[in-house]
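Me: I am new to this structure and would like to learn how to read its features one by one. Could you take me through them slowly?

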Amino acid sequence: MPTNSETWLQFLFRRKTLIFAAFTIACIFVHLLLRFVFRQHESVFNVPLFACLFLGGVPMVFELLQKLFKLEFGSDLLGGISIITSVILGEYLAGAIIVLMLSGGQALEQYAIRNASSVLAALAKRVPSIAHRKADGRIADVALADLKIGDTLLIYPHEITPVDAVVVEGTGRMDESFLTGEPFEIEKTVGSNVISGAINGESVLGVRAIRLPADSRYARIMQVMNDSQSTRPQMRRLGDKLGAIYTPIALLMAIAAWAFSGDAVRFLSVLVIATPCPLLIAIPVAIIGSISLCARHAIIVKNAVALENISTCRTAIFDKTGTLTYGQPTLTEQLPAPSIDATTTLQLVSSLERYSKHPLARAILAAAEAQSIKPLDCTSVSESPGQGLSGMVAGKHVTITSRKYVVSKQVAGFENLPPNAGGLECAVVIDDVYAGVLRFRDAPRAESKSFISHLKPMHRFNRVMIVSGDREGEVAYLAKQVGVSEVFADKTPEEKLAIVRSETARAPTLYVGDGINDAPAMMAATVGMAIGQNSDVTAEAAGVVILDNQLGKVDVFMHISRRMRTIALQCAIGGMLLSVVGMVLAAMGYISPVNGAIMQEGIDVLAVLNALRAAWPPKVLSDA
């Protein structure tokens, strides 16, 4: 049925190959009834075939001729030539069967391939069309294009924030997981920054716009996604690769049969048998069967091309948090400065961290809760890039920042900083005096090291990289633990995209991530995979989604892909060899065009039955 955003005409156009296939079956059925049951004249029983060839065959032939003029010898080109020849020679039933072969194969293939526009649709549906502007004590709904920097806006409960802004009135919570990938809400109070696309909680918040809608973070992500989709690598399908070899050979055999016999019907007979339906139908069936097998293992294949191309990937690129780690850092060590009470420091820090979106905030809050530490009231909360989170807590000015900031600003007592141990940490400054360091660990997944180490010997990856938005020390610490030597840290989504594009230009790439900041890079990679379900947008951008948050399922997907290629090649090469035998017999005059079409259908059945094996679960699907 049509979606809410499309008309019936658009729906029919989107399903045109399936409609052509069903229409062709109906035409052939009516033809057979008129010819053999009602015994009508040829001028009557051929009418359904004329309709089939005109409505279904002509558009198909036109598309195939365009390929011929471009010297693209794809797997379906023989079918187009056969349709034209069958009409010229009056073999209308053979022509209709060929239309059925081609339209049926295309319908199966399109069913298996994800519609790339769903990525942008998932983003676009989050963008509000209006904003509630407050001016001179009145509230008016205005279009986003009419907003200006400095406008005061009201964000009602459960609404989406239209622009990047700062809270000027009220307190509440917001869900920013679409960007951070962290599935929890962030406390907001006066002075807190809010980002476009964040979903408001239960309270009304007054905010002041600090960027125009077109310049806000969400709009920039949409633009990056759009750019990424427009430059996505175009992959040649497996059937076309084989067809590029098979098609010229079949044409030469058909021409030779005609030339030596002087009988044009032999030319058609050879081409009908040569129509490579094992390429057109069996391969999509193998793909669909493999997609079904993936689903049984909690792996959703949204782009069938990923199944074909994962085995060609030679560079593996991973995000860090939530991909190679569990994405759940815990406070493991508290190192207070001399004469500073650790419990008091944790109370001040946890009170302030209620208003932070940083992943470490949850770890600090959990540690405070475990010690039954009650939060204190905060005011003047702000979070500036490069400076950290700061605010007034119980009359004290508290700043939660980095080691680099404490040293660069020569904060009083900075000489008491402990040696850098790598990993995750934050420094605490109270009333402009260094108060201590909190250290965290985001544990790598239990399978991360073994999974990384097996990629080169078992799956022929030449390079393994980590590209992360986290700090360099954190990423380097994790990379050493899991055995990765190539590391890129402190990267924005735009920088991640640039790195993946550069690597993909050198060799096919696999990108595995879990947050929306990974989405553009996923789309630019040869194969993009999302771990978990933290973001609907990430799931749309990825070609493959691992639902149950396990790296081992990436290995399962690689094995299913390898098995699918093996079965598909069996179907394709076996079907082509049988077709060659039939082509020789047709060239010698032993097979007519209609009999050739029936023979080809028999070959198709064998190929499809073999292709169905792809859906059967094998005993082993992992190297673990």
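**Reading the features**

Reply: We can begin with one side chain: that of Asp164 reaches the backbone nitrogen of Ser196 at 2.9 Å. Please keep in mind that this is a predicted model, in which local features need pLDDT of at least 70 and side-chain atom pairs count only at pLDDT 80 or more, while totals for chains, interfaces and linings use all residues. Residues are numbered from 1 along each chain as its sequence is written, and side-chain values use heavy atoms, with hydrogens and water left out.

Me: What is the polar contact that joins the side chains of Asp164 and Arg211?

Reply: A polar contact is a pair of N or O atoms within 3.5 Å; within protein, one must be able to donate a hydrogen and the other to accept it, and residues adjacent in sequence count only if both atoms are side-chain atoms. Here the side chains of Asp164 and Arg211 are joined by such a contact of 3.0 Å.

Me: Is Asp164 buried or exposed?

Reply: Buried means under 20% relative accessible area, exposed means over 50%, and partly exposed lies in between, with a 1.4 Å probe and protein chains only. Asp164 has a relative accessible area of 3%, and is therefore buried. Its place is in the loop between β3 (152-155) and β4 (165-169), where helices (H or I, at least four residues) and strands (E, at least two) are DSSP runs numbered from the N terminus.

Me: What is the order of the strands in the open sheet of three strands?

Reply: Two strands pair if DSSP finds at least two bridges between them. The open sheet has the order β6-β5-β8, with antiparallel pairing, and its edge strands, β6 (185-188) and β8 (199-200), each pair on one side only. Strand β5 (residues 172-175) is joined to β6 over four bridges, whereas two bridges join β5 to β8. Asp175 stands opposite Glu185 in β6 and also opposite Ile199 in β8.

Me: How many bridges join strand β1 to strand β2?

Reply: Strands β1 (residues 130-135) and β2 (residues 138-143) run antiparallel and are joined by six bridges, with Ala131 standing opposite Val142 in β2. The hairpin that these strands form has two residues between the strands, and in it Asp136 takes a positive phi near 55°.

Me: Where is Ser402, and which residues does it touch?

Reply: Contact means heavy atoms within 4.5 Å. Ser402 is found in the loop between β15 (396-401) and α16 (403-408), and, not counting residues up to four places away in sequence, Ser402 touches Ala427 and Arg471. The side chain of Ser402 also reaches the backbone nitrogen of Tyr405 at 3.2 Å.

Me: How far apart are Thr492 and Ser468, in sequence and in space?

Reply: Thr492 and Ser468 are 24 residues apart in sequence, and 8.2 Å apart in space when taken C-alpha to C-alpha. Thr492 lies in the loop between β19 (486-488) and α19 (493-506), and Thr492 is partly exposed because its relative accessible area is 35%.
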